[in-house]
Amino acid sequence: MSDEGEKWELTVREATATAWSKSETELAEALRQRLVVAFLGSASSGKDSAIRVLFGLDFGEVSPIPGSTSSIRVAELDREGQVLLVNAPGFGDVRRDVDSTARRALDALDIIVYVVNCEGGATADERNDLDQLRRAGRPVLVCLNKIDLIRTREREAFVTATLAQLGVDPKEAVVTAFDPLPQLAPGPIGVEPVINWIGLQLAASGKTLLFAKQLRNKAAACEPIIRAAARNAAIAGAVPVPGVDLAAITAIQVKLIRDIATVHDQDLGQDVVAFILSELMASGMRGVVRWGMEAAKAAGWMPGGQIAEGIILAISSSMAGATTYGLGKATVAWIQSGRKLGADALRSVFDGAADAWKTETAPRGR
Ligand SMILES: Nc1nc2c(ncn2[C@@H]2O[C@H](COP(=O)(O)OP(=O)(O)OP(=O)(O)O)[C@@H](O)[C@H]2O)c(=O)[nH]1
Ligand SMILES: [Mg+2]
């Protein structure tokens, strides 16, 4: 290995060691949290189907906790009882019908997923429900479910009209088919946007990891975690190249790798994390740095080799985001390959993802 390569690896190892104990504490804290997610909505709208496709769980076979009634069931999703699911019709005040433990769960709701059956459109009862839930001040995601039953060319107009009827902002809604008819759709629709919305919503309370751990689709579960890390890295704005202060960015990336492992029910040692970081970032970095320079030249930012200070900042922030996103996606690929994926394959996942992030976050109209 070249001198520069060795120096780089040492720097990464030191930065990883520094970030390790902080990430240990943060991980433990995140896993100590409690989470309550409710699936509400009128009869047959698709609540059980949503739970099945998200968590890989047949809610009907989970025994409800005491205090639940047949119409409002509360169940523990994990053995430790930290994650509770509520499954209830949405009409009126659902708290009325339950007692003790179940009521405490309802009082601690973190997220409400309100499932509407597209077939037949929205009803006044649903509008009232949503008004009431919003007044209670909980985040509510509206799923316009069974979209497969609406003709493709009518969908857009239908969705716009239905959301207007319900008084729901399109940003608070996802179009879904949790259990589509096989002849109308090859598989569920809208599951990933639902996971992303909930994951990003839970980031503020630090409960995203607990939620992600319970999901069946681990790659999708990691997406909001990777996105949040990439955004934080972009804010930290440091460029992880040799010679530049690595501390802030490495702390975010070490935490990211450990979170991804946790979602997959795995535990990676400090050595392995340092290895992933130095391997991926060192090899991926050259391309990313080149990209930054090319972009700056193309934009006419480097007249005579001079770069204005503000522009360097803009590039480095964007690179920190892109490399962190690439790192997250490569880590998922590596873990899902049973830790077998080779360096070249990893690098190509890294490059592809970093590029996708750059395209997605590039300022428009330039
Ligand atoms: N076509 C279509 N059917 C769906 C979809 N989601 C659910 N269904 C069907 O709708 C029916 C009701 O789904 P459930 O998931 O049991 O709905 P629920 O809200 O739990 O119903 P209740 O508990 O009875 O209130 C089932 O036959 C599902 O297969 C969808 O996206 N498309
Ligand atoms: Mg049901």
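Is Ser 49 buried or exposed? Ser 49 is buried, with a relative accessible area of 16%, where buried means under 20% relative accessible area, exposed over 50% and partly exposed in between, computed with a 1.4 Å probe and protein chains only.

This is a predicted model, in which local features need pLDDT of at least 70 and side-chain atom pairs count only at pLDDT 80 or more, while totals for chains, interfaces and linings use all residues. Residues are numbered from 1 along each chain as its sequence is written, chains are lettered from A and ligands numbered from 1 in the order in which they are written, and side-chain values use heavy atoms, with hydrogens and water left out.

**The chain as a whole**

The chain contains 12 helices and six strands. Helices (H or I, at least four residues) and strands (E, at least two) are DSSP runs, numbered from the N terminus. Of the 366 residues in the chain, 49% are buried. The chain exposes about 17,500 Å², of which carbon and sulfur atoms supply 52%; accessible areas come from the Shrake-Rupley method with a 1.4 Å probe, and for residues only the protein chains shown count as cover. Contact means heavy atoms within 4.5 Å. Among contacts between residues at least 6 apart in sequence, 73% join residues at least 24 apart.

**The surroundings of ligand 1**

Ligand 1 is surrounded by 16 residues, the closest being Lys 47, Asp 48, Ser 49, Asp 148 and Asp 179; a residue is near a molecule if one of its heavy atoms lies within 4 Å of it. By class, this shell has six nonpolar, five polar and five charged residues. Here Ala, Val, Leu, Ile, Met, Phe, Trp, Tyr, Cys and Pro count as nonpolar, Asp, Glu, Lys and Arg as charged, and the others, Gly among them, as polar. Helix α2 (residues 47-55) gives the most to the shell, with three residues.

The table lists polar contacts of the ligand, a polar contact being a pair of N or O atoms within 3.5 Å; within protein, one must be able to donate a hydrogen and the other to accept it, and residues adjacent in sequence count only if both atoms are side-chain atoms.

| Residue and polar atom | Atom of ligand 1 | Distance |
|---|---|---|
| Ser 45, backbone | oxygen | 3.3 Å |
| Lys 146, side chain | oxygen | 3.0 Å |
| Asp 179, side chain | oxygen | 2.7 Å |

Taken alone, ligand 1 exposes 650 Å², and the protein buries 71% of that.

**Helix α2**

Ser 49 belongs to helix α2. Not counting residues up to four places away in sequence, Ser 49 touches Phe 178 and Asp 179. Helix α2 is largely enclosed by the rest of the structure, because seven of its nine residues are buried. These buried residues are Lys 47, Ser 49, Ala 50, Ile 51, Val 53, Leu 54 and Phe 55. They pack against β1, β3 (83-88), β4 (111-117), α6 (191-203) and α7. After α2 comes Gly 56, whose phi is positive, near 65 degrees.

**Aromatic pairs**

The structure holds three aromatic pairs. Rings of Phe, Tyr and Trp (its six-membered ring) pair if their centres lie within 6.5 Å; planes under 30 degrees apart count as stacked, over 60 as edge-to-face and the rest as tilted. One of the pairs is formed by Phe 39 and Phe 55, edge-to-face at 6.2 Å centre to centre, with 90 degrees between the planes. Phe 39 lies in strand β1 (residues 35-40) and Phe 55 in helix α2, so this pair ties together parts that are 16 residues apart in sequence. Both Phe 39 and Phe 55 are buried.

Phe 55 also pairs edge-to-face with Phe 211, at 6.2 Å centre to centre and 85 degrees between the planes. This pair links distant parts of the chain, with Phe 55 in helix α2 and Phe 211 in helix α7 (residues 208-214), 156 residues apart. Phe 211 is buried, as is Phe 55.

Ala 219 is located in helix α8 (residues 218-236) and counts as partly exposed at 32% relative accessibility. Leaving aside neighbours within four places in sequence, Ala 219 is in contact with Val 332 and Gln 336. Ala 219 and His 264 are 45 residues apart in sequence and 9.0 Å apart in space, C-alpha to C-alpha.

Gln 266 occupies the loop between α9 (247-263) and α10 (270-298) and is partly exposed, with a relative accessible area of 28%. With neighbours within four places in sequence left aside, Gln 266 is in contact with Ala 261, Ile 335 and Arg 339. Gln 266 and Ile 335 are 69 residues apart in sequence and 8.8 Å apart in space, C-alpha to C-alpha.
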